[in-house]
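I opened the model to look up a handful of local features. My notes follow in the order I checked them.

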Amino acid sequence: MKTTLIFFFMLALLSSPLATFAARPLDFDGDGKSDFAVIRNRTSGSNTVIDWYIAQSSTNILRHAQWGLGPADIPLPADYDGDNKTDIAVWRSSSTIGQSYFYILNSSNATVRVEQFGLEFDESRVVGDYDGDNKADLAVYRQSGFGQQTYFIYRGSLNNPNGNLTYVPWGTGSSTIYPGDFDGDGKYDFCVRQPGTGRFALLRSSDGGVEWINWGLPNDGLNPGDYDGDGKTDFCARRTNGTAVEWYILERDGGGTGAAPIRWGRTGVPIQFPIRSGDYDGDGLSDIGVYQIGDGQPGVFFIRRSSDGSVLAYQLGTSDAGDAPL
């Protein structure tokens, strides 16, 4: 580098200034709302390809695209070309040559962008806007042995004609990534949950300051999002309590759910999987949601609308085809 398939969360991805980075991932049509989308592995000749099915909220038209090879490719949709629309993209890691590649379909002009970036065992789900130009930058998180130094590595797209890489040492081996813009400066910060704890270590991009945040339990699921619409990523821990799924939110302004979680989702059959929070009602705040699938039934998204607390249900995908939500 120049210096099976189940995906149930994705990164918050910046599509326009302030708030949208944290609140509105998966906006493929640029209308200010997250779109419902599923992916499907399908055999085509000697390959397994990835089919994308995107329900564009502006037109209610179901868009289909074939992009990537399953099950190894990792879908990484983001706004890489800066047109305020999420681009279809995957990251492909190669065990034969040890190098990895981004394959991006630019929504602005339907061209293909192929970039060598990262190594085989890097964590690729840290793509974001690290330089504040409203474009997602190529990025990986490089792990090491337990207790050893780990690195965020990104290639800024602003004023970087030579394609230089930036290495930021942050975290240790077995840390859990928690990406987002926590200080509201339009740039991704560097944040991890320390191994075996509910403690987050945050390095702010605005001033280089360090914060330590205690939130949740070591095994809680994590759902970054902007739940109060202030342009800053909030902390959200998610856990199962009996048959219920509980969401604990700590807003950057000090508000949130506190010790009284939001109950959204359940365990059992059909199975409900928590999904990455997005802004599905267009009010600038992240909504929490689950995807229900199983027993040969169609898949259904159940979203808790932040605007009024009501249920938004949308049917997309099927268990028979092995569909999974983005």
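In which loop is serine 174 found? I looked it up in this predicted model: serine 174 sits in the loop between β10 and β11 (176-177).

I went to serine 174 for its phi, which is positive at about 80° although the residue is not a glycine. Its relative accessibility is 42%, so I noted serine 174 as partly exposed. Most residues other than glycine have a negative phi, and most peptide bonds are trans.

I found another positive phi at alanine 110, near 60°, again in a residue other than glycine. Alanine 110 lies in the loop between β6 (99-105) and β7 (112-119). I checked its surface too: alanine 110 is exposed, with a relative accessible area of 59%.

Then I looked at cis peptide bonds. Glycine 70 and proline 71 are joined by one, with omega about -5°. Proline 71 belongs to the loop between β3 (62-69) and β4 (74-75). Valine 269 and proline 270 are also joined by a cis peptide bond, and omega there is about -5°. I placed proline 270 in the loop between β18 and β19 (271-274).

**Strand pairing**

I turned to β1 (residues 36-44). It runs antiparallel to β2 (residues 47-55), and nine bridges join the two strands. I picked out arginine 42, whose bridge partner in β2 is valine 49. Two residues lie between the strands of this hairpin, and glycine 45 takes a positive phi near 65°.

β1 has another antiparallel partner in β23 (residues 324-325), joined to it by two bridges. Here valine 38 has proline 325 of β23 as its bridge partner.

Next I traced an open sheet of three strands. Its order is β8-β9-β10, with antiparallel pairing. The edges are β8 (138-142) and β10 (166-172), each of which pairs on one side only. Direction ignored, neighbouring strands of the sheet are turned by 20° against each other on average. I counted the β9 side as well: β9 (residues 149-155) pairs with β10 over five bridges, in the antiparallel sense. Within that pairing I noted tyrosine 151 opposite proline 169 of β10.

**Aromatic rings**

How many aromatic pairs are there? The count comes to 17. I examined tyrosine 130 and tyrosine 154, a stacked pair at 4.7 Å centre to centre with 15° between the planes. This pair links distant parts of the chain: tyrosine 130 is in the loop between β7 and β8, tyrosine 154 is in strand β9, and 24 residues separate them. Both tyrosine 130 and tyrosine 154 are buried.

Tyrosine 130 also pairs with phenylalanine 190. Their ring centres are 5.6 Å apart and their planes are at 20°, so I logged this pair as stacked. It too links distant parts of the chain, since phenylalanine 190 is in strand β12 (residues 190-193), 60 residues from tyrosine 130. Phenylalanine 190 is buried, as is tyrosine 130.

**Nonpolar cores**

I listed the largest nonpolar core, which has 21 residues. Those with the most contacts inside it are Tyr178, Cys191, Phe200, Ile213, Trp215, Phe235 and Trp247. Elements that give two or more residues to this core are β13 (199-203), β16 (235-241), β17 (244-250), β18 (262-266) and β20 (288-294). β17 gives the most, with five residues.

A second, separate core has 15 residues, including Ile74, Trp91, Phe102 and Ala136.

**Cysteines**

Which residues does cysteine 191 touch, leaving aside neighbours within four places in sequence? I listed its contacts as Phe152, Trp170, Thr176, Ile177, Tyr178, Phe182, Phe200, Ala201, Leu202 and Phe235. Cysteine 191 is buried, at 1% relative accessibility. Cysteine 236 is buried too, with a relative accessible area of 1%.

I then searched the whole structure for disulfides and found zero. A disulfide is a covalent bond between the sulfur atoms of two cysteines.

Notes:
Residues are numbered from 1 along each chain as its sequence is written. This is a predicted model: local features need pLDDT of at least 70, side-chain atom pairs count only at pLDDT 80 or more; totals for chains, interfaces and linings use all residues. Side-chain values use heavy atoms; hydrogens and water are left out. Two strands pair if DSSP finds at least two bridges between them. Helices (H or I, at least four residues) and strands (E, at least two) are DSSP runs, numbered from the N terminus. A disulfide is a pair of cysteine sulfur atoms within 2.5 Å. Buried means under 20% relative accessible area, exposed over 50%, partly exposed in between (1.4 Å probe, protein chains only). Axes are lines fitted to C-alpha atoms, for helices over the stretch in contact, and angles run from 0 to 180 degrees between N-to-C directions. A nonpolar core is a set of buried Ala, Val, Leu, Ile, Met, Phe, Trp, Tyr and Cys residues joined through side-chain atoms within 4.5 Å. Contact means heavy atoms within 4.5 Å. Rings of Phe, Tyr and Trp (its six-membered ring) pair if their centres lie within 6.5 Å; planes under 30 degrees apart count as stacked, over 60 as edge-to-face and the rest as tilted.
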